[in-house]
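I opened my notebook to record what I looked up in this structure.

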Amino acid sequence: MSSGFALRVMLGFYVCLFFMYLFGPLVVMGITAFNTPSYPQTIPFEGFTLDWFVKLYNHRQMREGLWNSIIIGIGVVALSVPIGLAASIIMNQIYHRARGLFYLVTVSPLLTPGVIIGISTVIFWKDAFGLTDFTKAVFYKGIILSILGQSSFVAAYCLLIIMARLTRFDRAQEEAALDLGATYPQVFLHVLLPFLRPALLSAAVIAFLSSFENYNTTTFAILADKTLVTVLAGEVRQGTTPALSALAVIIIGLSLLGAVVYEVLKRREERIASEMKERARLAERGETAPELFRPAAATA
Amino acid sequence: MALVLFFPKGRWHVSSRAFVILLPFLVIAAFWVMARYEARTVHDPTHKSYWERNGMVLGILFIVLVALWTLFLVTLPYLYMVVESFHPRLPPMKRFGPEDYLTLEQYKSLFVSPVDKEWNTTHLYAFFYTIVVSSAVTFLNLCICYPLAYFMAQAGSVQQVRLLMLGLIVPYWVNEILRAFSIRLLLAAKGLINQGLMGAGLTDAPIDFLGNNTGMWVGLSYANLLIMMFPLYNAIESLDKNQIEAARDLGAPWWKIHRDVVIPYAKPGIASGCTMVFMLAAGSLAAPLFLGGPNTLWFTAIVYDFFFQAFNWPRGSAYAFLLLAACITFVMIMLRLFKVKLGEAIR
């Protein structure tokens, strides 16, 4: 018993240490955002201030960068979620021999350092868009190259997320709809897409966030333009200011909010799913399931 | 022959780039022929063709999207970069001209410096240093994450796990640069740790954590901690608790349970975590740029400089390709070592 107790104490100690390592630097940084000295310092805490947030707000380059980041993020979602969806559908249907190669090609961006994705995107598209003066003037831009470069690996994330749900899809539903005279696009829109909706949503969220956060690929692909993260990198390289800590505080706050919202949504979804399953199970048994179940669901 | 038809003037230096553009199309054609052959020889009455399953409109749409991705966003840029690395550095006007021949000089330059014809010890050292440090960081993170992953997956209660998960997810979304910045605030000469050390009287002058690469090590480990955690957790989570119970009932000590039951079962997770962490560490820019001192050598940072300071794209491409080759080698070794298939490691 005593050895079990010792093990538990050690485990608790280890978990504390782990989370100190994980959160310690963030907390230290967070405190500097509210401290008055212009060098970001935690101790001594000389006075509470919100000036650094104002400084951050007035940072013109960062606001421009933020705008670019959002545009790129939307572009990446618009490009990579449909690609991920199409790729997962094809992956499901493809011949076994070709499947290995297809899989290798589609996940290879995940095994490639982001720097290399950025470099290859710039080298390739510089020549490809450079073929005519018109395409060069219109398309050879940091924002477009960033969207293309980031999509190459973000689409692979989307593929994996959508794939995980698609493998649980019952093809009989599709067959039934087709037999009843639905057209292919109708089946796709009214049977497959609703089934995949949760996966598509989380793919879109993950796609936007990973695009927004990306540094290694973007720093090459963005050319002369700026995103929030590349501006940030420039600032960190030049020196340290508590305004950066202020930005970190905002990001941590937002992700905390996001995590909580996600948790709540997920729980609600799980509850609805289990209710549906329960209802279906009762209906199958021949019991008058909907009437029996509805009051319970309403009170829950 | 086909290439001569494309470039009838015998401009082979140009055709090397064209050949690479054609390569993926040749592979696709080969697979298409194979698929046709298989469809003709194997008679399966329940089998429905791709078009019968998706319809014409959607079928074409799917293929166009996937082709756009696999060809124009993945394979062609990679191959094009590789070809670029076999060309000399030329001003834009001379590209595709007669001086644009195939050459190995960019690869040679990693070994023999083109300036003074001596051994290029700086870059060679940086290359091996990057690989060794990335491997070490990968192993370190595996050791740090394994106990918590095991606890969350097998030992913890539902509430505990939910709370821990939330605690893991939030810092995961703080971006790489800001995390490097936070480590820098801790370890800088005026940082909290040096303040503490000097306050306790352990040192008189601040220790230069950034100059002696401690900062970079910590930054690399810190940035990739959760990349290791999630695959490990997912792998261990699906292990049946009864197996551990059975081993315990049969009298196995805890370390034997881990060695013979948990770790063999978690192999795909370990392989996938190690692969991702190594790749991200070796390709990392933020930690060496923001947490290294002036003498810190990091291969990715050298590649970065070739693009932004020396403007030598072919040489940068050659170095990038070597980095990629090192990453692929590492992945192959991990998969072989753990006897895991690629499909199991990346899910």
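**Entry: B:L232.** I started with what B:L232 touches, leaving out residues up to four places away in sequence. The list is B:C145, B:Y146, B:A149, B:A266, B:G269, B:I270 and B:G273. Contact means that two C-beta atoms, placed from the backbone, lie within 7 Å.

**Entry: ground rules.** I noted that this is a predicted model, where local features need pLDDT of at least 70, side-chain atom pairs count only at pLDDT 80 or more, and totals for chains, interfaces and linings use all residues. Residues are numbered from 1 along each chain as its sequence is written, while chains are lettered from A and ligands numbered from 1 in the order in which they are written.

**Entry: the core.** Which residues have the most contacts inside the largest nonpolar core? I found A:C158, B:A149 and B:L232. That core holds 155 residues. A nonpolar core is a set of buried Ala, Val, Leu, Ile, Met, Phe, Trp, Tyr and Cys residues joined through C-beta atoms within 7 Å. A residue is buried if 20 or more other C-beta atoms lie within 10 Å of its own, exposed if 12 or fewer, and partly exposed in between.

**Entry: helix α10 of chain B.** Next I checked residues 214–223 of chain B, which form helix α10. Helices are DSSP runs (H or I, at least four residues), strands are E runs of at least two, and both are numbered from the N terminus. Among the buried ones I listed B:G215, B:M216 and B:Y222.

**Entry: A:V249.** I moved to chain A, where A:V249 sits in helix α12 (residues 242–284). Is A:V249 buried or exposed? It counts as buried, because 22 C-beta neighbours lie inside 10 Å. A:V249 touches A:G30 and A:A33, not counting residues up to four places away in sequence. I also looked at A:M29, 220 residues from A:V249 along the chain. Their C-alpha atoms are separated by 8.2 Å.

**Entry: chain A as a whole.** I counted 13 helices and 0 strands in chain A. Its radius of gyration (taken over C-alpha atoms) is 25 Å, well over the 19 Å that the globule rule gives for 300 residues, so chain A is more spread out than a compact globule. The globule rule is 2.2 Å times the number of residues to the power 0.38. The C-alpha trace of chain A spans about 75 × 70 × 40 Å along its principal axes. Of its 300 residues, 36% count as buried.

**Entry: where the chains meet.** I found 75 residues of chain B in contact with 74 residues of chain A. On the chain B side, helix α4 (residues 56–85) gives the largest share, 17 residues. That side divides into 54 nonpolar, 14 polar and 7 charged residues. Here Ala, Val, Leu, Ile, Met, Phe, Trp, Tyr, Cys and Pro count as nonpolar, Asp, Glu, Lys and Arg as charged, and the others, Gly among them, as polar.

**Entry: confidence.** Last, I checked the scores. pLDDT is the predictor's confidence in each residue, from 0 to 100. Chain B averages 83, and 93% of the residues score at least 70. Over residues 1–11 of chain B, pLDDT stays under 50. For the complex, the predictor gives an ipTM of 0.85 and a pTM of 0.85.
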